[in-house]
Amino acid sequence: MIEARHLRVLRAVATTGSFSAAGRELGCTQPAVSQQMKALETSVGTPLLVRNGREMRLTQAGEALVRHASGILAGLTAAEEEVAAIAGLRAGRVRLVSFPSGSSTLVPTALAALRAAHPGTRVSLEEAEPPKSVELLRAGDCDIALAFRYEGAAGAEEWDDLVVRPLLTDRLVGLLPERHRLARAESVALGELADEPWIAGCPCCRGQLVQACENAGFTPRIDFATDDYPAVVGLVGAGLGVAVLPRLAVESVRPRGARTVALEPAVVREIVALTLPDLAQVPAVAATLEQLRRAARRA
């Protein structure tokens, strides 16, 4: 194993022509230089210097090692400077995955604050719903996953190996056409909407709605299926049905022609930021988590 400190000594000896001069350049004694040169020769298994009285010259192996030493030491210096920049948040990269309503509400505020505080830190954003986002995190394809889980839903134990940073509790709200008979109510029992046409997400995304309706004693008649929140609002605003959306999702669009009402019983989801234990110690990741936390407090 060749050590960087030994390469620095060899280069100094080659440049100055003696152990004593190399010691003065490196700030150490002549015996220390001699010991490190012996250790390097032992490590590579061949002589690197030929000593003849006061003269000293490099062997062929010594010349080869010196030739490579400059590039190796320059690379190490560059690596040390880059790591120091990352550790000091003068540089760094964070790969963030978020679900759509988080991308349009929490993420912009958090990333704007992060850029203002640490302009050298770059953040990339990709959208995915859990559990896909959690799979990306575990596969090493992102550093932070913004995710959610519904109160009482199964599968929470699947996050036991991750660092879970709770951000906020997001309550689902009813979305009704402005002229709907219940649009001015302070709150609406989900069962009161049993006979309405519904607008819901795709079969993979509507599970929580269907479960909540079944708990209220009915199965929703879903006339329109879309995962696009503006499309949901547009369909409701046109009087084509009713919907249930997270509060964050409603905040990210302008509900023209539609009104929101509180639902009883309440259905809530917990918004969290997830990362791996080792990644949580990376300065840029820790700073991004902190800005997400602050953005959630203002939401």
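Which strand holds A147? A147 sits in strand β5, the stretch covering residues 144-150. Hello everyone, and before we go on, please keep in mind that this is a predicted model.

Let's stay with A147 for a moment. Is it buried or exposed? Its relative accessibility is 0%, and buried means under 20%, so A147 counts as buried. If we leave out the neighbours within four places in sequence, A147 is in contact with F99, P130, S133, W159, E270, I271, V272 and L274. Now pick out I222, which is 75 residues from A147 along the chain. The C-alpha atoms of A147 and I222 are separated by 26 Å.

In general, most peptide bonds are trans. The bond from P130 to P131, though, is cis, and its omega is near 10°. You will find P131 in the loop that runs between β4 (122-127) and α6 (132-138). There is another cis bond to show you, from E264 to P265, with omega near -5°. P265 also belongs to a loop, this one between β11 (258-264) and β12 (268-275).

Now let's go to the helices, beginning with a pair. Helix α2 spans residues 19-26, and helix α3 spans residues 30-44. When two helices pack, we describe them by the angle between their axes and the distance between the axes. Here the axes of α2 and α3 come within 8 Å and cross at roughly 105°. An angle from 65 to 115 degrees counts as roughly perpendicular, so that is how α2 lies relative to α3. Which residues make the contact? On the α2 side they are F19, S20, A22 and G23, and on the α3 side they are Q30, V33, S34 and M37. Sorted by type, the residues of this contact are four nonpolar, four polar and no charged.

How many residues does α3 have? It has 15, and from the first C-alpha to the last α3 reaches 21 Å, close to the 21 Å expected at 1.5 Å a residue. The buried residues of α3 are V33, S34, Q36, M37, L40 and E41. Those residues cover an arc of only 165° around the axis, so they are on the same side of α3. What do they pack against? Their partners are α1 (4-16), α2, β1 (49-52) and α4 (60-87). On the face turned away from the buried side, α3 carries the exposed residues Q35, K38 and T42. After α3 comes G45, which has a positive phi, near 80°. For comparison, most residues other than glycine have a negative phi.

H6 is in helix α1. With a relative accessible area of 6%, H6 is buried. Not counting residues up to four places away in sequence, H6 touches Q36, A39 and L40. Two of those names, Q36 and L40, are also among the buried residues of α3. By contrast, H6 and A280 are 274 residues apart in sequence and 35 Å apart in space, C-alpha to C-alpha.

Next comes helix α7, residues 207-215, where L209, A212 and C213 are buried. Looking down the axis of α7, these buried residues fall within an arc of 100°, so they line one face of the helix. The elements they pack against are β8 (197-200) and β10 (243-246). Just after α7, G217 takes a positive phi of about 100°.

I have two more residues for you. V250 is in helix α9, residues 247-251. V250 is buried, with a relative accessible area of 10%. Beyond its neighbours within four places in sequence, V250 is in contact with V173, L245, P255 and T260. V250 and P230 are 20 residues apart along the chain, and their C-alpha atoms are separated by 8.7 Å.

Finally, A113 is in helix α5, residues 100-117. Its relative accessible area is 24%, so A113 is partly exposed. How many residues along the chain lie between the positions of A113 and T288? They are 175 residues apart, and their C-alpha atoms are separated by 9.2 Å.

Notes: Residues numbered from 1 in each chain as written. Predicted model: local features only at pLDDT ≥ 70, side-chain atom pairs only at ≥ 80, totals over all residues. Heavy atoms only, no water. Axes fitted to C-alpha atoms, helices over the stretch in contact; angles between N-to-C directions. Helix = DSSP H or I, 4+ residues; strand = E, 2+ residues; numbered from the N terminus. Parallel < 35°, antiparallel > 145°, perpendicular 65-115°, else oblique. Contact = heavy atoms within 4.5 Å. Nonpolar A, V, L, I, M, F, W, Y, C, P; charged D, E, K, R; others polar. Expected span 1.5 Å × (residues − 1). Buried < 20%, exposed > 50% of the residue type's maximum accessible area, 1.4 Å probe, protein only. Arc of directions from axis to C-beta.
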